[in-house]
Amino acid sequence: MKKIYLTLAAVALVGAANAQFWTYTTYKGAFPVTDGLTGTTSNDWTAGWCNWDPQNASYGTPTVTVSSDITTNTTWTTGTIVLLQNKVYVKSGATLTIQPGVIIRGEQSSQGTLIITKGSKIMAVGTQTNPIIFTSDQAAGLRAEGDWGGLVLLGQAKNNQPGGVANIEGITASADTEYGGTNDLDNSGTLQYVRIEFPGIALAPNKEINGLTLGSCGSGTVVDHIQVSFSGDDSFEWFGGTVDAKYLVSFRGLDDDFDTDFGYSGRVQFALSIKDKDLSDAAGDSNCFESDNDATGTNALPRTSPIFSNVTIIGPKMDGSVSLPVGEKFEKSFRLRRNTATSVHNSLSTGWEKGLSIEGSAAENNYSGGTVDSAYFRENVLSNYGGAAKVTASTSFYSSFFDADGNDTVTTVALINWVNAFPATLETAGDYRLNGASTVSTGADFPTSIFMGGFVGIEDEKTGEISNLAVYPNPANNNLNVTFNQVNTNATAISVVDLTGKVVYNTTVNANAGINNHTINVANFNNGVYFVSLNSVEFTSTVRFVKN
């Protein structure tokens, strides 16, 4: 008896609560139209917890020193100022709880770093008025990027490294630096209302730690309202995993702001990037987005395929009036390369030397719908980028997707009409909301096919046995629809089997009528790979979904 196999690779539906991740906006960028009330910031999500001048903040004298690994459940209580010495690992399944208002000062001389190992958790939940602060141990006025290590979370979700398990970069490899596994629902804890200032110390040449490093963190991990300031390397970097994030601020970082690698496939909404003309990576190049599938651009799966929406990007040239210093290493607002399939929607960018750079035929193919991991660059505004600086890609590719997908290089900074995106000094809080007359206060788009877990693509479909295959979630009734026409109409049953061989769905079909418009209830699915089998023919296709 032959069977038909349909591989559902990627992330299946993970529950109604997860489906509520996206906030549908009419506006583009990370901030809405101002509330219009003089002196109020009620709809500015940075208000109350962000700090735009951490160099001169007074953080007090440490009251507790932590210099060794944490192996049992531990709580740092409100009012505590922690001196973090050495590389401190939270391990052995322990949970570190950090209460609102706790200040953690990373010691420069011992390269203080906090690492949450696989199977352990951090519960760092601050508030809008009392955030948790990770910062330098140096005195006010003497702090600089790379004063201490940073915050590292290591989880057990998938990545595309050989064998699925790797050691996080920047730290000497050991069992405590491993990340990766098979549990895309893994939970490394919660980070909310947290500031991370002056991280990114170089442990060795070209081996810096990022501000916030997320290594294969699963979708059970909660990350929102995080500001990384003055990082000596990337502000945020994801190495595989499925963790989602909201309300991120990358402020005056040295290298990249949002770096995605090794199969990261989560979702990010509402993010702000602000660069300093005097801070760029002398050893390489500084970008806002930098994304690779892996270091050499292979077809390793899972593909790097996160979705970003509602990002506001203010580059080092600001509104165009700032001249960059000699020797600066700024490059691109969006550098998408090495076979990545990172998607960006509804976002605003200005002030970089170059706008969008999609590099190499493999990456171009992903954005033109030519692969199973179709990527999208849609409804974005690249403002004040002239001529060739707008988009770096082949001419045919540029014309085939950029304009057709609602992207805009015509709208000026004046037409975007931010309230105050270019303050006189970066130490002064800007206001990145839109004025009422802004032309980008409307026009955002959240198509169901992308933002509700829609079907993305099929590859390796064998012809002659089936035709018109389509697989897509139906948000109206929370069913997974599998539709195709069977050329050989001899099947009498259709079933769904997981990798362990467990049958999670089975039904009888009419052999004479063929099979099409058949519906499978998604309640039977968890994350993973499934085989949809018919008892009369066989083929192999790979189908990828965006996470719902």
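Hi everyone. A word on terms before we start: helices here are DSSP runs of H or I with at least four residues, strands are runs of E with at least two, and both are numbered from the N terminus. With that in hand, the chain has five helices and 39 strands. Please keep in mind that this is a predicted model.

Let me give you the overall picture. The chain has 548 residues, and buried ones make up 59% of them. Its accessible surface comes to about 19500 Å², with 48% of that belonging to carbon and sulfur atoms. And if you take the contacts between residues at least 6 apart in sequence, 72% of them join residues at least 24 apart.

Now let's zoom in on one residue, Ile-132. Where does Ile-132 sit? Its place is in strand S10, which covers residues 132-136. Is Ile-132 buried or exposed? Its relative accessibility is 0%, and the cut-off for buried is under 20%, so Ile-132 counts as buried.

What does Ile-132 touch? Leaving aside residues up to four places away in sequence, its contacts include Ile-98, Gln-99, Pro-100, Gly-101 and Val-102. Also among them are Ala-124, Val-125 and Gly-126, as well as Tyr-193, Val-194 and Arg-195. Take Ile-98 as an example: it is 34 residues from Ile-132 along the chain, and the two C-alpha atoms are separated by 7.7 Å.

As background, most residues other than glycine have a negative phi, and most peptide bonds are trans.

Which residues does a cis peptide bond join? They are Leu-301 and Pro-302, and omega there is about 0 degrees. If you want to find Pro-302 on your screen, look in the loop between strand S21, residues 289-291, and strand S22, residues 307-314.

Then we have two residues with a positive phi. For Arg-338, phi is near 50 degrees, and this residue is not a glycine. You'll find Arg-338 in the loop that runs between strand S23 (332-336) and strand S24 (343-345).

The other one is Glu-379, again not a glycine, where phi is near 55 degrees. Glu-379 lies in the loop between strand S27 (377-378) and strand S28 (381-383).

Notes: Residues numbered from 1 in each chain as written. Predicted model: local features only at pLDDT ≥ 70, side-chain atom pairs only at ≥ 80, totals over all residues. Heavy atoms only, no water. Buried < 20%, exposed > 50% of the residue type's maximum accessible area, 1.4 Å probe, protein only. Contact = heavy atoms within 4.5 Å. Areas by Shrake-Rupley, 256 points an atom, 1.4 Å probe, with all protein chains shown as cover.
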